[in-house]
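Take a walk through this model with the sequence at hand.

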Amino acid sequence: MQEPTPKGHDLIVDDDRTSITVPALKQAILDNLFYVVGKRAEVATDMDHFMALAYTVRDRILARWLTTKGDYVKHHMRTVHYLSAEFLMGPHLANNILNLGLQEAVRQATSELDLDLDLLIKQESEPGLGNGGLGRLAACYLDSLATLGVPAMGYGIRYEYGMFHQTIRDGWQVELTDYWLRYGNPWEIRRPQADVEVAFGGHTQSWRDPFGEYKVQWIPGEVVKGIPYDTPILGYRSGVANTLRLWRSEATESFYFERFNSGDYEGAVGAKVFAENISKVLYPNDEEIRGKELRLQQQYFFTSCSLQDMIRRHQNAGHAIENFHELCVVQLNDTHPSIGVAELMRLLIDIHGLGWDKAWEITSHTFNYTNHTLLPEALERWPLPMFGSLLPRHLEIIYEINARFLSALRERFPNDEDRVARMSLIDEHGERYVRMAHLACVGSEHINGVARLHTELLKSDVLHDFYELWPEKFINVTNGVTPRRWLAVSNPEQTELMISKIGQDWIGDLDRVSQLERYAEDSAFRADWRNVQYAVKVRLTQYIANTTGIAVDPKSMFDAQVKRIHEYKRQHLNLLYILTQYQRLKKTPGLEIPARTFLFGGKAAPGYFIAKLIIKLITSVAEVINNDPEVNQQLKVVFLPDYNVTFGQLVYPAADLSEQISTAGKEASGTGNMKFAMNGALTIGTLDGANIEIREAVGHENFFLFGLTAAEVAAKKAAGYHPHQIYESNGELREVIDSIVSGQFSRGDRNLFRPLVDGLLNTDPYLLFADYQSYVDCQDQVGKAYSDQEGWSKMSIYNAARMGRFSSDRSIQEYCRNIWNITRFGVDAPQAPAGK
Ligand code: GPV
């Protein structure tokens, strides 16, 4: 081992921890295996080797990380703080290797050590610290922020147990806990010296100080400690590494020992349990609030930790509290961290001694709010008594914000008490609630939706009153996804083919992928494109065989719907088409249709009965169809258990068809739709969320459109919707529904699927029946189009070539320009080494 040779302030030290030559990487892996993992090579497991490699990669990130941090401070750079209750990062190793430009060197080094790199990559358990799209968007945005060199930090919760693992037993979803930290986490660094305290409960006291100023003190009932765990987020070849700072809750020694020493052992243990519970587990409900107190504790915990941390770092860098909003900007990822508006007011007034007006000026210029849903049940509200007993001081502050807000509102709209009641931060219809979306709107400088249609519907509907009051606050930023993880890492076969034609600049600048367009008309390229697609499908086929035992044919069309199971996403509409085809094949054996494999993946919230029943119906239909020799050469149905980021990396590249079939006006954006299309899948979809913009980008002729528009959905509902009439008048639909009710898929049990079917026949709130015929016709068109392989390949290439706009780099540039007012990117960062 050679001695490290520090070179003054330059943190790049060319020693065995930073060198990227193959011999140095080999030596470093062995070194980390011995000194960090504590194993000899002869007895090391795959997991040990994964750890040794991960530390080797981390070592090569550290200089960039510390330099980046130092630069932001040194240059007083305005910094984005992305607050999110969820970060669905996915495994780090392969992505970090790509972003460092070390793919070839690491492959060489591991192979010279007789290690299988792909096997080591598979050892990493993914940090499943999110439910779905919202958490994954946060992860894509961190990737783009670092790639573009934007000074930024992610703040969230270090859940000890992430998203549950899903297994299927007897066709039903069963949840298993996700202890993702079991083997340790090589990427994070615990920073106990940067801990903060967070209070809960108790009461407030007020008095006048000697100058007659009104002062308030919060006497809490509990105090817990937040300990930050930092993970470097490396940009793609940008030389920048930003920080994801996740908070873990722990008991404070003083609170614990006070009770312990006074003989209150139960109280002492109780305090410890209270504290440690907060960051224990991720709530697995997607787009639904359940008003649970622990959830509010989690939200307040990480938001308070993060704001205190921001203030401390701001002041440590020598800045005055009065300038806070000039250097710090906060993005609220939905309303989950929106308590931050009241918390920043509290910190500025009670702790830092500012007056109300100055504190409000700072606060209202710090926050911005991204809304991610139009579903009314997903708009967070907290019962007032619970809120007041957990956060008594914040409730007072919210009352004061509300009083000032409502009086300004009355001035602007005199004699309009209906409007005042609608917009109040407190819902007073019956049981009283704090409306978190209203707090976010009032406290934010900008409010944005996540696709054009979604933002328009926010303005015209969900947040219409706020739009009338403050039209200038509203802005659209259509979502994007990172082409690094979702193309370069997950689809190396397609990536290599693309690089052979158009080079590799598109990985860091996806607009350049349009150079691929001209190859759509090149039949030799189309053949290569199909060969690559086939190879990727073979990969997934093997995985399906290993995990489910189902043999699927990689020559069949892979038709995929992977996303959370939700009625509005309409996995059951997909099923209605499958059953329609099944009935047709049973009636007309030998009917000419191209072979199709229907792939489903996704988790249901544990308490969402109908979603779980949809899973049961998928698996039940799969069992019947897959075992019916009359049809199973043409139809296969597979439910892939435990869908997650790692699994997504396998599915998106292999799909021929992407199902984006939500009821128009319900899916805020969708992001899986983008991942599929980038990988060359064609979309069958409604005019919902970002589908609309994807269709415009790829060309109407390269997209399979069906269904009612959002306006037609609203009109139909207003006019009185009668699904039963559609059932009566549509023969194929009736046969399909009857077959479900008959017990054909439930071993004769006529009641099993009754709740699902009755819901459709009686109310059908997501209009499956209204869209059924249009969907079936469109699917038949898809089948025809697939039979023309040359035509299909053309459409596929046009899709991949026209997705530049849906890179999260573009989204982040829009946030920087239109919301964050950030113009200076990545100063002085050390350049990443060249290489593939
Ligand atoms: I609110 N979304 C989510 O995954 N979980 C939530 O709790 C909420 C929203 C999703 C939306 O459903 C998607 O349409 C959207 O693409 C995604 O957030 C990211 O914006």
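I426 has V434 in strand 17 as its bridge partner. This is a predicted model: local features need pLDDT of at least 70, side-chain atom pairs count only at pLDDT 80 or more, and totals for chains, interfaces and linings use all residues. Residues are numbered from 1 along each chain as its sequence is written.

Strand 17 covers residues 433–435 and pairs with strand 16 in the antiparallel sense, over two bridges. Strands here are DSSP E runs of at least two residues, helices are H or I runs of at least four, and both are numbered from the N terminus. Two strands pair if DSSP finds at least two bridges between them. Three strands make up the open, antiparallel sheet, in the order 15-17-16. Strand 15 (381–383) and strand 16 (426–427) are its edges, each pairing on one side only.

Now turn to K675. UniProt, in an unreviewed entry, places "modified residue: N6-(pyridoxal phosphate)lysine" there. Such positions use the numbering used here, feature names are shortened, and annotations may be inferred rather than shown by experiment. K675 sits in helix 25 (residues 672–678). Is K675 buried or exposed? K675 is buried, because 30 other C-beta atoms lie within 10 Å. The cut-offs are 20 or more for buried, 12 or fewer for exposed, and partly exposed in between, with C-beta atoms placed from the backbone.

Last, the ligand. Of the 19 residues around the ligand, G133, L134, H372, T373 and S669 come nearest. A residue counts as near if its C-beta atom, placed from the backbone, lies within 6 Å of the molecule.
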